[in-house]
Amino acid sequence: MRLSVQNLGPIAEADVTFGDLTILVGPQATGKSIFLQTLKLVQDCALIKAALNNQGYVWSLSGFPDDFLELVYGEGAEIIWHANSEVKLNGKKFSIKTALKSDAGQFNEQAWNAVYIPAQRSLALANGWVRPFEGYELATPYVLKEFSDALRLNLQMGLFDDDFKSKKLNLSRQISRSVEKLINSLIYQDGEIFIDNHQLRRRITMKVRDASVPVMNWSTGQREFLPLMLTLYMILNRRPRPPYIIIEEPEMGLHPKAIQAFLLLVLELIQNGHKVILSTHSPVVLEMAWALRFLQQGQATAADVAKLFEVEPSADLLPLFERALTADTKVYYFDRRPEDGRVHARDISSLDAESDDPGIAGWGGLTDFVSRAGAVVSQVMARSL
C-alpha cells in the first residue's frame, strides 16, 4: 500500500510505501499524526461516516467539508485539509467530498481496514473503566473516540471472560505465552490484571500479592500500555482481522527493556499477517529495525534474533523470529526544512550510520545527542591527557 499527500497541514509532501513494519520518525508537530489519521480516513471513510451518524453527529455537505474534518481530526482541522491539499491511495486521488456523498451504510467494527491506537490512549481510562464515545468533547480527534469506544464495548460484551464477578484477564489464548510472560514481568511486575466490581461498577484492577490496586495508582507506563495491550488482544481474538494496525508512540512511559518486550508483540502481529505502522521517538525501535536489516543480510537464524531480544528461542517464539528475518521494514523521516518551515517525508530505511545524509546517519535525529555526547566527551578527555 502507498499513501501520498501534498499540502496537508504542515506536510508539504509525504510519499510512503508501507512494508510489513513501517516506522515514522521526526520531531513533534511535523505531521506524523495527521498523516496516520489521514491513512485511517481513506481506508475507513465509510465506517467513520456511519459511526459518526450513529452517534448523532451532523455536518454540512455544502462547500468544503470543514465540519466533517473537525469531527475527524479535532478542533482547528479546517486549516489541515484545504483546496490545495492532495491525497492519493495507491496512486488514486481521494476526494473527501465524493466520499461523503456516498451511502454511509451501517457501522460494523469487524469491517475495519485499519485499527488506530492513538498516543492519547491513557485518556480512555476514567475512574477505573473505559470512556464511551460520547464521553469525549466534540473537538477530540475521532481516532481516540473510536479506539476508546471499541475497547469499552468489547470489555462489556465479555471478550475477556468477564462474568460480572472478579475475573482475571487471560491473554495467553491469543498472545504467545512467552511474550505475555515477558510483558507481564517487565511492565506489570508479575501483577495479575482483573475486572471486578467496586461500588456497583466494573473497574480494572491489578492484584499484586494480596493487594488490589486500582488503575489510578498504577505507574504511568502501566496505564499507558494497558489500553494498547487490550486492543491488540481484541484484534487477535476476532475474525476477520484488520490488515493494518497503527500505533502512535508505543514507548510512552516504558523502560527500554519494556519497549523491547513490546517489539516482540509487534513481531507476533507481523507473524499473524498484520501490517504494523508505528510512529515513535524511541531509538530502541529503530535499533531493532537496524539490527534486523543486518541480520537479514547476514543470513542469520531465528536463534540470532532470540539473542537480539535476550530470550530463549522457545517453540512459540521461533515462528516470530523466522518471520522477522523475511519482514520488509520501512522507515520514514518527517523532516521540517529550515528554508520554508514545511515538512518533507523521506525514506531513511537503510539507517546507514556512515551515510553522508545526516537524516539517515542520525536516524531522523534520534541518535544525534548520543553521537554528539560521545564526541564532546572524547574531545574533553583527549585535552586532559
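Buried means under 20% relative accessible area, exposed means over 50%, and partly exposed lies in between, with a 1.4 Å probe and protein chains only as cover; on that scale Glu86, at 24%, counts as partly exposed. This is a predicted model, in which local features need pLDDT of at least 70 and side-chain atom pairs count only at pLDDT 80 or more, whereas totals for chains, interfaces and linings use all residues. Residues are numbered from 1 along each chain as its sequence is written, and side-chain values use heavy atoms, with hydrogens and water left out.

**Salt bridges**

- The structure holds 11 salt bridges, a salt bridge being a side-chain nitrogen of Lys or Arg within 4 Å of a carboxyl oxygen of Asp or Glu.
- Asp20 pairs with Lys275 in one of these, with the closest N and O atoms 2.8 Å apart, and the pair links distant parts of the chain, since Asp20 sits in the loop between strand 2 (11-17) and strand 3 (21-25) while Lys275 belongs to strand 14 (residues 275-279), 255 residues apart.
- Lys40 and Glu146 meet through their side chains in a salt bridge of 3.1 Å, N to O; because Lys40 lies in helix 1 and Glu146 in helix 4, the pair ties together parts that are 106 residues apart in sequence.
- Both Lys40 and Glu146 are buried.
- Glu86 forms a salt bridge with Lys88, their closest N and O atoms being 3.9 Å apart, and Lys88 is partly exposed at 29% relative accessibility.

- Helices (H or I, at least four residues) and strands (E, at least two) are DSSP runs, numbered from the N terminus.
- Phe68, Leu69, Leu71, Val72 and Tyr73 are buried in helix 2, and the cover over the buried residues of this helix includes helix 1 (32-54), helix 3 (96-101) and helix 4 (142-156), where contact means heavy atoms within 4.5 Å.
- Glu75 is found in the loop between helix 2 (66-73) and strand 4 (86-89), where Glu75 is exposed at 67% relative accessible area.
- Ile79 lies in the loop between helix 2 and strand 4 and counts as exposed at 65% relative accessibility; the C-alpha atoms of Ile79 and Asp66, 13 residues apart along the chain, are separated by 8.9 Å.
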